[in-house]
Amino acid sequence: MLEVKGVSKHFGGVKALNNVSMNLQAGEVLALAGDNGAGKSTLIKIISGVHAPDTGSLAYQDQPLHANSPLQARNLGIETIYQDLALADNLDVGANIFLGREPMKSFLGMTQIIDRQRMLKESREVLHSLDIEIPESSLEQPVRNLSGGQRQAIAISRAIYWNAKLLIMDEPTAALGVPEQRKVLELIDKLRTQKIGIIFISHNLNDIFAASDRILILRQGRVVGESKISETSREKVVSQMVSG
Ligand SMILES: Nc1ncnc2c1ncn2[C@@H]1O[C@H](COP(=O)(O)OP(=O)(O)O)[C@@H](O)[C@H]1O
Ligand SMILES: [Mg+2]
């Protein structure tokens with residue numbers, strides 16, 4: 001699904017990425033680990049069209065990938081969820097799933113209005129398809145009233161509704177309590193069965209070991225480790241992160 005070959009990127013004198021290669025299959029969950037400043041965010045920003053690489057190349061679904069903006073990447077099915085989730089707190093679930101892309105219907109044959117019923121119905125359907133439980137009474141509440149895990153689930157649902165094939169998540173469980181973390185990990189598992197490719201950044205090795213198939217470890221802009229989760233250990237990963 002995705003192949004990154006020999007990508008380098010510098011910012012002024014800082015070499016944020018140095019000859020990084022990686023790949024991802026559909027239905028695979030890849031964790032990206034590394035200390036602060038290792039280059040994790042730069043790598044996902046290159047995949048999602050925020051930055052262009054200085055050198056190296058990317059291919060997505062067997063085509064060269066030259067996304068010049070996050071919008072272009074999104075149109076190709078590459079969705080990125082950052083920590084702030086980009087939800088509109090004062091709007092309800094449906095409005096958030098359709099944010100900026102609201103369906104319209106004609107009103108009395110005279111004018112176009114937002115089709116709220118359709119937003120609600122389709123939101124219910126996408127939540128249901130992902131086994132996300134949000135009570136009916138909460139669907140029409142401002143999302144600020146929902147829990148952190150529910151908000152994360154809404155951001156993920158929005159990406160899936162809009163046909164994400166490759167989902168990139170930056171610290172999806174960082175702000176959550178333990179039961180909610182578990183729910184998000186279950187949701188990642190569900191996405192895997194739907195053949196979505198997932199890249200997620202995490203500092204939490206428990207999450208990484210619970211949710212991913214493979215791990216890529218960066219240190220000072222270089223890949224210093226890559227392994228199937230079943231073939232490595234927390235101790236090994238930590239040692240690669242600090243002295244790989
Ligand atoms: N937009 C930028 N301008 C200047 N330096 C940057 C920029 N983005 C990242 N860097 C630098 O690149 C290096 C890698 O950063 P980053 O990719 O954010 O690491 P990580 O996400 O692993 O913490 C760091 O030294 C960081 O300061
Ligand atoms: Mg970062």
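The chain folds into 9 helices and 12 strands, where helices (H or I, at least four residues) and strands (E, at least two) are DSSP runs, numbered from the N terminus. This is a predicted model, so a few ground rules apply: local features need pLDDT of at least 70, side-chain atom pairs count only at pLDDT 80 or more, and totals for chains, interfaces and linings use all residues. Residues are numbered from 1 along each chain as its sequence is written, while chains are lettered from A and ligands numbered from 1 in the order in which they are written.

On to the overall build. A compact globule of 244 residues would have a radius of gyration near 18 Å, and the 19 Å of the chain agrees with that; the radius is taken over C-alpha atoms, and the globule rule is 2.2 Å times the number of residues to the power 0.38. The C-alpha trace spans about 65 × 40 × 30 Å along its principal axes. Of the 244 residues, 38% count as buried (20 or more other C-beta atoms within 10 Å of a residue's own; 12 or fewer is exposed, in between is partly exposed, and C-beta atoms are placed from the backbone). Among contacts with a separation of 6 or more, 66% come from residues 24 or more positions apart, a contact being two C-beta atoms, placed from the backbone, within 7 Å.

Next comes the ligand. The shell around ligand 1 is made up of F11, V14, A16, G34, N36, G37, A38, G39, K40, S41 and T42, each with its C-beta atom, placed from the backbone, within 6 Å of the ligand. Both β2 (14–24) and α1 (40–47) supply at least two residues of this shell, and α1 gives the largest share, with 3 residues.

As for the strands, 4 of them line up as an open antiparallel sheet in the order β2-β1-β4-β5; two strands pair if DSSP finds at least two bridges between them. The edges are β2 and β5 (63–64), each pairing on one side only. Strand β4 (residues 55–60) is joined to β5 by 2 bridges, in antiparallel fashion, and Y60 sits opposite Q63 in β5.

Finally, take V143, found in the loop between α5 (136–139) and α6 (148–161). V143 counts as buried because it has 22 C-beta neighbours inside 10 Å. Beyond its neighbours within four places in sequence, V143 contacts L87, D89, L91, D92, V93, N96, R151 and I154. V143 and N90 are 53 residues apart in sequence, yet 6.5 Å apart in space, C-alpha to C-alpha.
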